[in-house]
Amino acid sequence: MQKIEAEKIIKAAKDETARMEKASEDAIRQASRNLVLSFRDSVTKELSALVTSETEKAYSSDLLLKLIPETVKAWTSKTDAENVAVLLNESDLSALESSLKSALKSEIEKGLTLKVDNSINKGFRIGIDNGAAFIDLSDEAVADLFSAYLNPKVAAIMKEASK
């Protein structure tokens, strides 16, 4: 009888030890997973901030003076869009307005307008006045495009590195 009870106690102790080992391993796995996810999110956040910063820097006055007329002419030549507007932040519009009016003279004669949109940090949007269709080339939209590509790439690199 004592032998059976001793075996039960030993079995219970072994079962408890196995349960505690599994719980410890599970906790380590979860902590490791949380660490990798946190690190990946941190790297992704830093890279996204870098992309946003570099995209903003890329929108110089010279680039805008080249890009806006080319984009407007390409869009208006392929559509029957009316009431087309180019939206820029106030400081860019002030600095570029006369040059853009010169470069877009024929489009302005057809109804193109230049407007202020202070929700745009850098870059521009071109759209139909009622907002039914638009092209968003603001720094935020372009950075989002790059970041959407960047995030899966970072995740894949982190996953590979964690093997």
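These are my notebook entries on one predicted protein chain.

**Ground rules.** I'm working with a predicted model, where local features need pLDDT of at least 70 and side-chain atom pairs count only at pLDDT 80 or more, while totals for chains, interfaces and linings use all residues. Residues are numbered from 1 along each chain as its sequence is written, and side-chain values use heavy atoms, with hydrogens and water left out.

**Layout.** I looked up the elements and found five helices and four strands. Both kinds are DSSP runs numbered from the N terminus: H or I over at least four residues for helices, E over at least two for strands. Along the sequence I read α-α-β-α-α-β-β-β-α. The radius of gyration is 30 Å, well over the 15 Å that the globule rule gives for 163 residues, so the chain is more spread out than a compact globule. That radius is taken over C-alpha atoms, and the rule is 2.2 Å times the number of residues to the power 0.38. I also noted that the C-alpha trace spans about 105 × 30 × 25 Å along its principal axes.

**Cover and contacts.** How many of the 163 residues count as buried? I get 25%, where buried means under 20% relative accessible area, exposed means over 50%, and partly exposed is in between (1.4 Å probe, protein chains only). Next I checked contacts, meaning heavy atoms within 4.5 Å. Of those with a separation of 6 or more, 74% are between residues 24 or more positions apart.

**Strand β1.** I went to residues 84-88, where four of the five residues in β1 are buried. Which strands does β1 pair with? Pairing here needs at least two bridges found by DSSP. With β3 (residues 123-128), β1 pairs in the antiparallel sense over four bridges, and there Val84 stands opposite Ile128. With β2 (residues 113-116), β1 runs parallel, again joined by four bridges. On that side I found Lys115 as the bridge partner of Leu87.

**Ile108.** My last stop was helix α4 (residues 105-109), which holds Ile108. Is Ile108 buried or partly exposed? Its relative accessibility is 27%, so I put Ile108 down as partly exposed. Leaving aside neighbours within four places in sequence, Ile108 is in contact with Leu100 and Lys101. I also looked up Val154, which is 46 residues from Ile108 along the chain; their C-alpha atoms are separated by 44 Å.
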